Amino acid sequence: MINLKTRRGRRQLIRAGEIFLFIALMSATLIYVLSRTPDTLLDRIKASGVLVVATRNGPTTYYQGPDGPTGFEYDLVEAFAQHLGVKVKWVFPDNFSDLFPMVESGRVDLVAAGIAVTPGRSERVRFGPPYQTIQQEVIYRAGESRPKNVADLIGKRVAVIADSSFSTRLKQLQKQYPGLTWQAESDTDIEELLYQVATGKLDYTLDDSNDVTLNRRFYPQIAVAFSIGKPQVLAWAFRKEGDASLYRAAKAYFDRIEKNGELHRITERYYGHARSFDYVGTFTFMRHVAQRLPPLIPLFKTAAKKYGVSWRLLAAISYQESHWNPNATSPTGVRGLMMLTRPTAEHLNVDNRLNPEQSIMGGTRYFLKLRRELPVEIKDPDRTWFALAAYNIGLGHVMDARRLAVKLGKNPNSWPDIKQVLPLLSQRRWYRQTTFGYARGREPVQYVQNIRSYFDILIWLRDHNQSGQNLNAPLPSSLLNTPPSL
């Protein structure tokens, strides 16, 4: 006990007070520091302002489009990052097999690369909510003998991506079919394997149904032989060890976009127009790209430069309208490359609808006029699809469909919703409620889907036909034979 009556006691009391004050200050400082230091992965990501995501290049994931980065996974991740209030740093591993080690080691925060959920992968990573269901499919070259089952793959040239779900599937099947062999490719991607099947360098490969849906427009030679196994789901992959804060945030995000329809809209944006595949029509289109398009490219480019629109979009519209036939004439009297009616041509000061330059210039002005007249609430890319539908069926009918959409509880500014409503314009029950009455409502839906596919193919040809190269191999003339100006 300290004796306060002595000088020594008083000094001891002062010293004790100083120690107590020091401890109190240190405790307060520690509490403050701890309260300021991010203690979960999500906190650290928000503090840094960056979400690091691994993906792979491809039409179903991430690729450079005409206006910059795009892709199904790209849109999902960017929207998630915006939800968190951070930016995305994209990482592209050299090989597919590098994706899981990157998230396991913490080098990336998540993997968003169209990853199928499998039992083996679930032992390594924590998968987020599923957002797409796919089926593994055996791909062969159309015109060749179609394999009917796994036994037909024995003794054939089969290749798949190394360490992929396809490789895992084949290893499982090999137990039942000991003669089954394949090449596991680690330094390539699925698009190259599809190309090799299309050109006869491979007999078969395996691919996911969603990827086939997009790529078969670019490789019309490929076809689906049969499906293997049960349907699988795709999901993002997170680190299994440590806290689950980022996983929980992703779960809440997917719950939200599932309920508000955003997931459906993103899916529609990339797959809605690609599901309707015309094998013969795609071959015809590619032949016309080589034979009819080259002399028209300067005209499309001139209009595009003058009016600030993609020349490939104008070319896609023109192909849908006339198959690039300057003298095209319909039974209803529309004529020329852009198939203008006489009143529309007169309004646009087009004197000769069969003149290629006048037709392209007039059609461009008409398309942009329709686009400007749409309500400001309709945002891109939907605005472009609405304008295309109006080019086909008339702006009045499109506005009728918007009003019907409101009555049906749908979003009048969403193309995925409007494409469901437009066919109703051919049903008396519905068109009697509209201002402009009956219309062949299914036609503009197919019209827009066709143009979107033609546009996608032209972009794909631009990216894969530079210097006559497709990925790492030259394009044979029998496959595409597209002009270098693309």
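**Note on a predicted model: pocket, sheets and selected residues**

1. About 460 Å³ of space lies in the second largest pocket. A pocket is here an open set of points on a 1 Å grid over the protein atoms alone, where a 1.4 Å probe fits, with protein on both sides within 12 Å along at least five of seven lines. Its volume is the space filled by probe spheres set on the points, which are joined across faces, edges and corners. The model is predicted: local features need pLDDT of at least 70 and side-chain atom pairs count only at pLDDT 80 or more, while totals for chains, interfaces and linings use all residues. Residues are numbered from 1 along each chain as its sequence is written, and side-chain values use heavy atoms, with hydrogens and water left out.

2. The lining of the second largest pocket has 18 residues (a lining residue has an atom within 4 Å of a point). Nearest the centre of this pocket lie Glu-321, Val-334, Met-339, Tyr-391 and Asn-392. Helix 13 (311-322), helix 16 (382-393) and helix 20 (442-464) each contribute at least two residues to the lining, and helix 16 gives the largest share, four residues. Helices (H or I, at least four residues) and strands (E, at least two) are DSSP runs, numbered from the N terminus. By type, the lining residues of the second largest pocket are eight nonpolar, seven polar and three charged. In this division Ala, Val, Leu, Ile, Met, Phe, Trp, Tyr, Cys and Pro count as nonpolar, Asp, Glu, Lys and Arg as charged, and the others, Gly among them, as polar.

3. The loop between helix 15 (356-373) and helix 16 contains Pro-381. The peptide bond joining Asp-380 and Pro-381 is cis, with omega about 0 degrees.

4. An open sheet of five strands has the order 4-1-5-12-6, with mixed pairing; two strands pair if DSSP finds at least two bridges between them. Strand 4 (87-91) and strand 6 (125-127) are at the edges and have a single partner strand each, so one side of each is without a neighbour in the sheet. Within this sheet, strand 5 (residues 110-111) and strand 12 (residues 237-239) are antiparallel, paired over two bridges. Ala-237 in strand 12 is the bridge partner of Val-111. Helix 9 (residues 245-259) packs on the sheet and touches strand 1 (50-54), strand 5, strand 6 and strand 12; contact means heavy atoms within 4.5 Å. The direction of helix 9 makes about 155 degrees with that of strand 12. Axes for this angle are lines fitted to C-alpha atoms, for helices over the stretch in contact, and angles run from 0 to 180 degrees between N-to-C directions.

5. Strand 7 (residues 132-141) has two antiparallel pairings to check: nine bridges link strand 7 with strand 11 (residues 222-234), and four link strand 7 with strand 10 (residues 204-208). Gln-136 stands opposite Ile-228 in strand 11, and in strand 10 the bridge partner of Gln-136 is Asp-208. Strand 7 is mostly covered, with eight of its ten residues buried. Buried means under 20% relative accessible area, exposed over 50%, and partly exposed in between (1.4 Å probe, protein chains only).

6. Helix 7 (residues 190-198) is also mostly covered, with eight of its nine residues buried. Among them are Glu-191, Glu-192, Leu-193 and Leu-194. Tyr-195 in helix 7 counts as buried, because its relative accessibility is 1%. Tyr-195 and Phe-218 are 23 residues apart in sequence, and their C-alpha atoms are 9.3 Å apart. Gln-196 also lies in helix 7; its C-alpha is separated by 9.4 Å from that of Arg-141, 55 residues away along the chain. Apart from neighbours within four places in sequence, Gln-196 is in contact with Lys-201 and Leu-202. Just after helix 7, Gly-200 has a positive phi of about 85 degrees.

7. Asp-163 has a positive phi, near 60 degrees, and is placed in the loop between strand 8 (158-161) and helix 6 (165-176). At 49% relative accessibility, Asp-163 is partly exposed. Asn-349 has a positive phi of about 60 degrees and is in the loop between helix 14 (342-347) and helix 15. With 63% relative accessibility, Asn-349 counts as exposed.
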